[in-house]
Amino acid sequence: MWSRRSFMAVPAAAAAWPVMAQFRVDISGVGATQFPIAVVAFDGEAGRTQQVSAIVRADLERSGQFRMVPTDGAVLNERANPVMTAWRSRGADALVAGSITRLADGRVDVRFKLWDAVRGQDLGGEAHAVADADLRLAAHRIADYIYEKLTGERGVFATRIAYVTQAAQRHTLWVADSDGEGAQVALASAEPIISPAWSPDGRELAYVSFETRKPVVYGQDVATGQRRPIASYKGSNSAPAWSPDGQQIAAVLTRDGLSQIYAMNRSGNNLRRLTTSAGIDTEPAFTPDGRSIYFVSDRGGSPQIYRMPAAGGSAERVTFSGSYNISPAISPDGRWMAYITRDGGAFRLQLMELASGTVTTLTATAHDESPSFAPNSRLIVYATRVNGRNVLMTTTLDGRIKATLLSNRGDVREPAWGPYGR
Amino acid sequence: MNLRSLVTLGGTVLLAGVLSACGSNVKLDETPPVESRTATPVGGAGQSQSQVSTVTAPSGSASSLDAASQLARVVYFDFDSYVLKDEFRPTVSGYARLLTSDPQRRLMIEGHTDERGGSEYNLALGQKRAEAVRRALELLGVRENQLEAVSYGKERPAAAGSNEEAWAKNRRAELILR
């Protein structure tokens, strides 16, 4: 399944570009309830490259829905029979313990168990045999298991985000864990990179690169680095969007004059024009059932968001508040649309419930851009400006819990939240 | 909602099975493997599901400046405007004469916007500026195959700053002879 071809790829350490983008994560706001949970240091994790229990704790805390209970140096693993009354008296409603062992083939066996300390019940656990390089991933999967067992919602800690940083004349497309850690360079360029878009299977990124001194849409296999131009027509090529089955791509081309939306298959063949307005049509976004495309058009005089059938055809306007609405993102469960509205001079993230058309404002910042939903449809990542610096932020759909991802690698923009199933 | 009722909810919701991401997950109530036997989807001890390979983009060819040309290279636009101003018509006419007299020459027209607004919509607005210059040149007799209009949107500002002075210098089309 995974190709060993790497003729385009460079080992990260040998590249002249920076390898790690470090994020500082600041949380504001808390959930309506915070579950007190104790996560004991995993047996065998001391001295390893990643502290699995620390990653699990940080993931759960970052959600704003959990409060960590100190473990006071307790020594436990997943095979223990912990004394629940002792943990309850420490204030914990749930307990996690585990172990890490080296396997004969060089991989690492990570095991854990989750207990309900209130009912004294075993909530199960798992064993993950992973390569050393996937230790962070194993920790995120453990956090996802705990999150889902205790909240009933699917977690997204094991997912990835793509984003672009710019420092001086260097533009870099990164792929990182959803907490911003473990960042690796997918593309390093002297020219701008915008609009990264994950394929539905999470294996590829489409993006717009200006490396040939004009915007061209590329598709790149994230693991191998192998890439191909998808749209490289005369004029500008931009705004790639994948259909939910991963077989089609919608993009914006100017080959026939001004910016219009076209569909093509994932290799760039079978080009079909979808819009035929006299204005600008851009920023296509498929609905999760693949039957419609939301997009931006200024055919009415100013940019508004419209919806049309995925094969093109008559479009219906969807935004009616304000004179400038752009950057639609549709939640994977199909219920919500996040977008950016210009209000006075401020550009601000909005959330529309599609069934009712009700709109709420999610932020108080003034330079919001590029919203993207997490695959559980419960979080949105977006770019914004705080204290003069371009940063990434995540927010819950009610706007209550926000996390700021502040990079020390320069301005951060253009986030795209990857799908499940890495 | 307390933990008790949530666990009940969780149990009901997850009756069908535990979340199982791709990977070699084994539930703990199964017989633990004595040795590794479950292959990870990528196979082998060295392959990782976290691997990202780096591509370094080759730098585009530098634009060739015509040493003999004394023509200005930049045309500026008013806010929210995509109309070629009269003061730049002499510049455009100069390029038209150069290009019509030498059909081998090509001209790349790059449209730009100031920093306000979203990247993709600004890419389209920058395109309108490049198109305005391209149309003016075609009307003066330059052949379509000598011209290409592209946009950088707000991605390559000429002047830094969040004020009208900087914004005015960024609302432009650049003319690059090849």
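Biologist: Into which domains is chain A divided?

Modeller: The model under discussion is a predicted one. Two domains are assigned along chain A. They are domain 1 (28-151) and domain 2 (160-417).

Biologist: What distance separates the centres of domain 1 and domain 2 of chain A?

Modeller: The centres are taken over C-alpha atoms. On that basis, the separation between domain 1 of chain A and domain 2 of chain A is 35 Å.

Biologist: Which element gives the largest share of the side of domain 1 of chain A that touches domain 2 of chain A?

Modeller: In this contact, 10 residues of domain 1 of chain A meet 8 residues of domain 2 of chain A. Two or more residues on the domain 1 side come from each of helix H1 (52-62) and helix H3 (135-151) of chain A. The largest share, 3 residues, is that of H1(A).

Biologist: How do the residues on that side of domain 1 of chain A divide into nonpolar, polar and charged?

Modeller: The side in question is the one of domain 1 of chain A that touches domain 2 of chain A. Its residues comprise 2 nonpolar, 5 polar and 3 charged.

Biologist: Which element gives the most to the largest nonpolar core?

Modeller: The largest nonpolar core has 129 residues, and A:Val52, A:Val96 and A:Ala186 have the most contacts inside it. Domain 1 (28-151) and domain 2 (160-417) of chain A each supply at least three residues to this core. The element that gives the most, with 10 residues, is H3(A).

Biologist: How many residues has the second, separate core?

Modeller: Among the members of this second core are B:Val75, B:Tyr95, B:Leu107 and B:Ala173. Its residues number 16.

Note on methods:
Residues numbered from 1 in each chain as written. Chains lettered and ligands numbered in written order. Predicted model: local features only at pLDDT ≥ 70, side-chain atom pairs only at ≥ 80, totals over all residues. Domains from an automatic or database assignment. Contact = placed C-beta atoms within 7 Å. Helix = DSSP H or I, 4+ residues; strand = E, 2+ residues; numbered from the N terminus. Nonpolar A, V, L, I, M, F, W, Y, C, P; charged D, E, K, R; others polar. Core = buried A, V, L, I, M, F, W, Y, C linked by C-beta atoms within 7 Å. Buried ≥ 20, exposed ≤ 12 C-beta atoms within 10 Å, placed from the backbone.
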